[in-house]
Amino acid sequence: VEQLLGPGFFMIRAGGHAALPGSGTQWIHSDGSHRWKTRAESFAAGAGWPHRCQFVVANFGVQDITPELGGTEVWPGSHADMSVVSNTLSEDPRLGTEHIERFFAARVAARRTHTPPVAMNCPVGSVVLRDNRVWHRGVQNVGQMPRHMVGLAYIAAEGWKSPSTEMVFGPGC
């Protein structure tokens with residue numbers, strides 16, 4: 001993680017996902033967007049274009065993740081797809097999932113022809129580091145048991161904004 005984000009990074013989230021037997025397939029999405037929306041902003045910050053990774057997700061299974069259990073599908077190189085950076089239609093959550101699916105459909109079809117997705121199938125103990133801008137999706141679990149995956153999220157020191165208020169944990173936390 002330090003090689004990707006530099007010294008002084010922060011772990012900001014820990015969580016998990018489960019794909020139950022018979023679960024469906026998610027639509028392709030990314031978990032984050034580009035920090036700088038224009039080439040000028042990015043270069044002014046000394047970050048290059050597209051800018052380097054600012055946020056990393058470390059995924060690992062607590063069991064072997066196999067095609068039958070629905071390993072996550074990732075789209076190599078999609079983190080650098082700048083066609084979605086400045087397009088507000090691609091990032092407006094008010095428009096809903098159906099709109100996002102239509103927006104990405106042509107981009108997904110084009111990318112599939114030159115850089116198809118790969119499955120994050122890995123043996124227990126393996127770790128997959130993923131830029132949070134990488135397109136991905138959970139795929140159907142056709143196996144007989146749930147697939148569990150742990151995720152840890154890290155952010156570069158320069159991307160960290162100190163919370164302005166005290167963190168509050170609810171009773172069920």
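Modeller: Let's start with Trp135, which is buried, with a relative accessible area of 2%. (Buried means under 20% relative accessible area, exposed over 50%, and partly exposed in between, using a 1.4 Å probe and protein chains only.) Bear in mind that this is a predicted model, where local features need pLDDT of at least 70 and side-chain atom pairs count only at pLDDT 80 or more, while totals for chains, interfaces and linings use all residues. Residues are numbered from 1 along each chain as its sequence is written, and side-chain values use heavy atoms, leaving out hydrogens and water.

Now for rings meeting rings. Searching the whole structure turns up two aromatic pairs. Rings of Phe, Tyr and Trp (its six-membered ring) pair if their centres lie within 6.5 Å; planes under 30 degrees apart are stacked, over 60 edge-to-face, and the rest tilted. Phe9 and Tyr154 have ring centres 5.6 Å apart and planes at 80°, so they are edge-to-face. Phe9 lies in the loop between helix H1 (2-5) and strand E1 (10-19), and Tyr154 in strand E7 (residues 147-155), so this pair ties together parts 145 residues apart in sequence. (Helices, H or I with at least four residues, and strands, E with at least two, are DSSP runs numbered from the N terminus.) Phe9 is partly exposed at 29%, while Tyr154 counts as buried at 13%.

The other pair brings us back to Trp135: its ring centre is 6.4 Å from that of Trp75 and the planes are at 55°, so this one is tilted. Trp75 is in the loop between E3 (73-74) and H3 (96-114), and Trp135 in the loop between E5 (128-131) and E6 (136-137), 60 residues apart. Trp75 is buried too, at 0%.

What does Tyr154 face in the sheet? Val56 stands opposite Tyr154. Six of E2's seven residues are buried. Both strands belong to an open, antiparallel sheet of four strands, ordered E1-E7-E2-E5, with E1 and E5 at the edges.

Notes: Pairing = 2+ DSSP bridges.
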